Each structure stands twice: as structure tokens, then as C-alpha cells.
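Q: I would like to learn how to read sheets and helix packing. Can we work through an example?
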Amino acid sequence: MLKGKIVVLGLGPGGVGLIPAQNLELLKKAEYILVRTAKHPAVEELQGQGIKFASFDYLYEQLPTFEEVYQTIVDKLIAAAAKYPQVIYAVPGHPLVAESTVPLLLQAASREGVETEVLPAMSCLDAVYAALHLDPTAGMLVKDALLLKSEELVPAVGLILTQLYNRQIASDVKLTLMEVYPDDHLVKLVRGAGVSRLERMETIPLFQLDRIDWIDHLTSLYVPPAQQRQGTAGFPLDPLVDVMQELLGENGCPWDREQTHDSLKRYLIEECYEVIEAIEDRDMYKLCDELGDLLLQIVFHAELASCSGYFNINDVIAGITEKMIRRHPHVFGDIRVDNSTQVLANWDEIKRQEKENSGLKTVMDIPRGLPALYRAEKVQNRAAKVGFDWPDIEGPWAKFHEEIKELKEALAKKEFKHTEEEMGDILFAAVNISRFLHIDPEEALQKTVAKFVKRFRFIEQQARLKGKELREMSLEEMDKLWEEAKNR
């Protein structure tokens with residue numbers, strides 16, 4: 001069966017004048033053109049120039065959901081590629097910006113072995129930036145109005161919503177935004193950005209959003225940063241401490257009252273890892289939420305200690321405040337520093353003096369609960385700071401190969417009780433190499449694990465598409481998919 005090529009072509013945000021020259025030239029020469037929608041200024045002008053095409057506008061009337069419309073468009077494009085050597089699929093703006101059909105198409109084409117090419121163009125976002133004089137590098141969140149969720153909003157940065165097609169969508173968007181922003185927060189509607197005869201802008205309070213009668217398929221919404229979140233407390237910790245005291249009180253929560261410092265250890269560790277995950281996901285809303293969970297654990301431990309007469313949350317805050325002032329003499333004292341290296345040197349010296357004064361003089365005073373790779377790195381760094389280190393990376397390399405040899409020898413001699421120890425020596429030596437290369441071994445391994453998981457999920461996905469269970473597939477089949485995942 002013939003499998004043609006699909007060229008996904010951007011039409012820009014406005015008239016023909018905003019279509020890139022190479023895109024326009026291809027449209028003039030093409031034999032078979034499909035457009036997602038003819039309701040676009042450039043399409044109307046192309047039609048006037050005698051360029052023929054078919055649109056998918058009829059699907060929006062026939063099908064009940066956008067998801068079904070998009071999937072049907074993709075199915076028809078793949079089918080067209082079996083009939084024509086080259087299919088032009090023209091979409092408003094930039095093909096990869098707020099154009100839901102394109103990612104679906106690229107995935108389907110890859111599965112079906114159909115060649116694709118994406119020809120970019122100016123996006124609707126570029127036109128909105130110009131119309132509103134916005135610099136996105138100052139911080140900007142961009143979302144599809146059809147997929148907006150309140151938990152994804154970050155009021156501290158500007159927000160642009162595309163595909164605000166009609167007043168019904170505007171009503172749904174308004175209700176979602178009002179979960180986070182004040183009802184009277186001023187927002188800016190922009191229609192037809194980049195098209196002089198259609199461009200219109202208006203600043204309105206959020207609660208009036210769905211009352212504007214000129215909203216159409218060319219409309220976007222800009223929500224400026226909020227100056228202050230709703231419900232910010234004057235003394236943020238006080239309400240949380242009050243809640244914790246109530247939970248631990250005589251008529252409080254039975255589960256909370258049963259907890260001890262030891263029983264809460266696992267939750268403290270879990271919350272720390274969830275904070276790290278939010279940071280790695282670059283999800284600021286999730287980070288805010290996870291930091292709250294972590295703070296709860298701190299307040300919980302402080303209240304347990306307070307109930308036993310040891311200390312309370314005020315002592316915790318006073319102690320860390322005093323410590324931060326003491327360890328930053330270049331800010332709060334008369335010590336001068338020229339760079340961050342000197343800051344760290346001062347910090348370590350102050351910590352050393354604190355330990356000597358408290359009777360803790362060991363260099364290896366490192367928490368046992370740290371992840372093994374992270375703890376190994378800290379142990380090696382501490383030893384290196386007092387001179388116990390290799391002169392260069394050749395030492396760690398030689399040690400690494402030596403430990404591998406010893407593990408092989410232990411296995412050959414069937415000395416299995418030593419294999420765990422030898423394996424640990426190999427990992428410790430690998431951490432030493434990472435340290436000399438200035439690579440965080442914990443982060444490096446996490447990235448490798450994430451890469452493995454992503455590739456393996458691809459294998460699972462492809463197995464489902466083939467109607468197979470993983471256990472039914474041969475190693476050769478899985479290995480072939482693994483290589484495909486790597487290439488992708």
C-alpha cells in the first residue's frame with residue numbers, strides 16, 4: 001500500500017502576509033490540501049487566490065466532543081496519505097503551538113510508517129505578545145482554555161489562554177480562574193491579534209468575562225500576575241499550629257494522637273521526596289502543595305516535642321534564624337567575601353567550630369538516613385577536605401576496575417558471602433569517579449532510571465497496541481521496541 005508524506009504547515013495568526021514564504025509557495029504548488037478549519041483570515045485570502053482545499057469544519061458539527069473531532073481528523077489524514085504521494089495539512093498559527101491535532105497526528109504517523117514534515121509559522125502567541133507588548137522571558141504560563149485546571153494555575157506569573165472559542169468556554173474558564181484569582185482581577189481579551197481589520201482588545205474584571213459578545217475562534221485571554229494570593233494569613237504558621245494543637249488535644253484525632261517521632265519518620269522522608277519530584281517536574285503549583293505537606297511534618301514533630309515539654313515551633317524558628325545569622329557573617333557581620341566559594345568555606349569552618357564547641361569532633365558526622373549514593377559522596381568529600389583523597393581521577397578509575405575484578409573473582413570462587421561487599425565497593429568507587437567529574441551521582445542515577453522507565457513504558461504501550469501482554473512477547477521483540485524507543 002502506498003504511504004505518502006504528510007506536510008503539516010503553519011498558516012500564521014493572520015492574513016496571507018503572515019504566512020512564511022516557503023509555506024505559501026508550497027500551498028500554491030500543492031495538489032491536495034486539507035485545512036483543519038476554513039474559519040481563519042489566511043484561508044479566506046488563499047481561497048480568493050484560487051487555491052483549492054477541503055476543511056474539517058463539518059466534523060465540529062457532527063461529533064459531540066473535541067477529542068472525537070481531533071481523532072477523526074487524524075484518522076482521515078492517515079487515510080489520505082495512503083492515496084496521495086503528498087498531503088498538505090494546513091493549520092492556524094504554528095503547528096506545534098495550541099494545535100491539538102498535530103501531536104496526535106505525529107504519533108499516529110510514526111506508528112503507521114507515514115513520513116511527516118512540520119513547516120513552522122508565526123504562532124498566535126507571538127501575535128498576542130506583540131499586541132499586548134509582553135515579554136514572555138519575564139515569566140509566562142500558556143494554557144489551552146479547553147483543558148484548563150485550577151491546580152495548574154500560578155497566580156504569581158502571567159497567564160495566556162488560547163482557544164477561547166465562545167462565551168460558553170469563557171464561562172467555564174471564568175469559574176476556574178475565580179477559584180484562584182479575585183473576582184475583580186483585571187484581565188485582557190484579545191481578538192484577531194496580528195490582523196489589523198479584526199484586532200480588538202478590552203480590559204475587563206474577571207467576573208465579566210463571559211458577558212463579552214464579540215468572543216470568537218480568534219480570541220485569546222491574558223491574565224496578568226496577581227499581586228497577592230487570596231487568603232494569605234498575617235502570621236502564616238499560627239493557623240497551622242492551632243490546627244495541630246487541636247488534632248493532638250484531648251478531643252482530637254485518634255490517629256494523630258497515637259503518633260511518635262519514630263512513627264512519623266517514614267512520612268517525613270516521603271514528603272521530602274515528593275518535594276524533590278515537584279521540583280524536577282518544574283510544577284510550581286505542585287511544589288507549593290508539597291512544601292505545605294513537608295511543613296506539616298515539621299509542625300507535627302514540634303508539637304509532639306512541645307507536648308513532652310522539650311521545645312515548640314517558636315524554638316525551632318528562633319534556633320534556625322539565629323543559626324542562619326551566625327553562618328552568614330558576610331551579610332550580618334563584618335566579614336568580606338568575593339564569591340560563593342569563600343561563602344562555602346566560611347560556612348564549613350563555622351560548622352566545624354560549632355561541632356568542636358558541642359563536643360562533636362568527628363569529620364564523618366553524616367546522617368545515616370541519607371540515600372546511599374548521596375551519603376557516599378558526602379563521606380568522600382569530607383575525607384577529601386582533610387587531605388585523604390586521590391591526586392587525580394586516575395586513582396578512582398584504577399580502583400573502579402580493581403573492584404570489578406575482585407567481584408568477578410569472588411563469583412568465580414563461589415564466595416557468595418563476599419559478593420554484596422564487593423558490589424558495594426564498586427558502587428562506592430563509581431561515586432568517587434562522579435565526584436572527580438563534578439557529577440551528582442544521585443541525580444545521574446535518577447535520570448537514568450527515569451530514562452529506563454520512559455523507554456519501558458513505550459514497550460508496554462506498543463504491546464497494548466499489538467493486543468499482547470508483555471509476558472507473551474519474546475526478548476527479541478521487546479529488544480526491538482527498546483531500540484525503537486531509543487531512536488525516538
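Q: What is the order of the five strands in the open sheet?
A: Start with the general idea. Strands of a sheet pair through backbone hydrogen bonds, either parallel or antiparallel. Now the case here, in a predicted model. The order is S6-S7-S10-S8-S9, and the pairing is mixed.

Q: Which strands stand at the edges?
A: Strand S6 (140-144) and strand S9 (200-205) do. Each has a single partner strand, so one side of each lacks a neighbour in the sheet. On average, neighbouring strands of this sheet are turned by 20 degrees against each other, direction ignored.

Q: How many bridges join S7 to S10?
A: Three. Strand S7 covers residues 158-162 and strand S10 residues 219-223, and the two run antiparallel. Leu161 stands opposite Leu221 in S10.

Q: Which strands does helix H6 lie across?
A: Helix H6 (residues 124-132) lies across S6, S7, strand S8 (186-191), S9 and S10. H6 runs at about 130 degrees to S7.

Q: At what angle do the axes of H15 and H18 cross?
A: General idea again. Two packed helices are described by the angle between their axes and the distance between the axes. In this model, H15 (residues 372-385) and H18 (residues 441-465) cross at roughly 155 degrees, with axes that come within 8 Å. H15 is therefore roughly antiparallel to H18. Their crossing is right-handed.

Q: Which residues make the contact between H15 and H18?
A: H15 supplies Leu373, Tyr374 and Glu377. H18 supplies Pro441, Glu442 and Leu445. By class, the contact has four nonpolar residues, two charged and no polar.

Note on methods
Residues are numbered from 1 along each chain as its sequence is written. This is a predicted model: local features need pLDDT of at least 70, side-chain atom pairs count only at pLDDT 80 or more; totals for chains, interfaces and linings use all residues. Side-chain values use heavy atoms; hydrogens and water are left out. Axes are lines fitted to C-alpha atoms, for helices over the stretch in contact, and angles run from 0 to 180 degrees between N-to-C directions. Helices (H or I, at least four residues) and strands (E, at least two) are DSSP runs, numbered from the N terminus. Angles under 35 degrees count as roughly parallel, over 145 as roughly antiparallel, 65 to 115 as roughly perpendicular and the rest as oblique. A crossing is left-handed if the near helix is turned anticlockwise from the far one by less than a right angle, and right-handed if clockwise. Contact means heavy atoms within 4.5 Å. Ala, Val, Leu, Ile, Met, Phe, Trp, Tyr, Cys and Pro count as nonpolar, Asp, Glu, Lys and Arg as charged, and the others, Gly among them, as polar. Two strands pair if DSSP finds at least two bridges between them.
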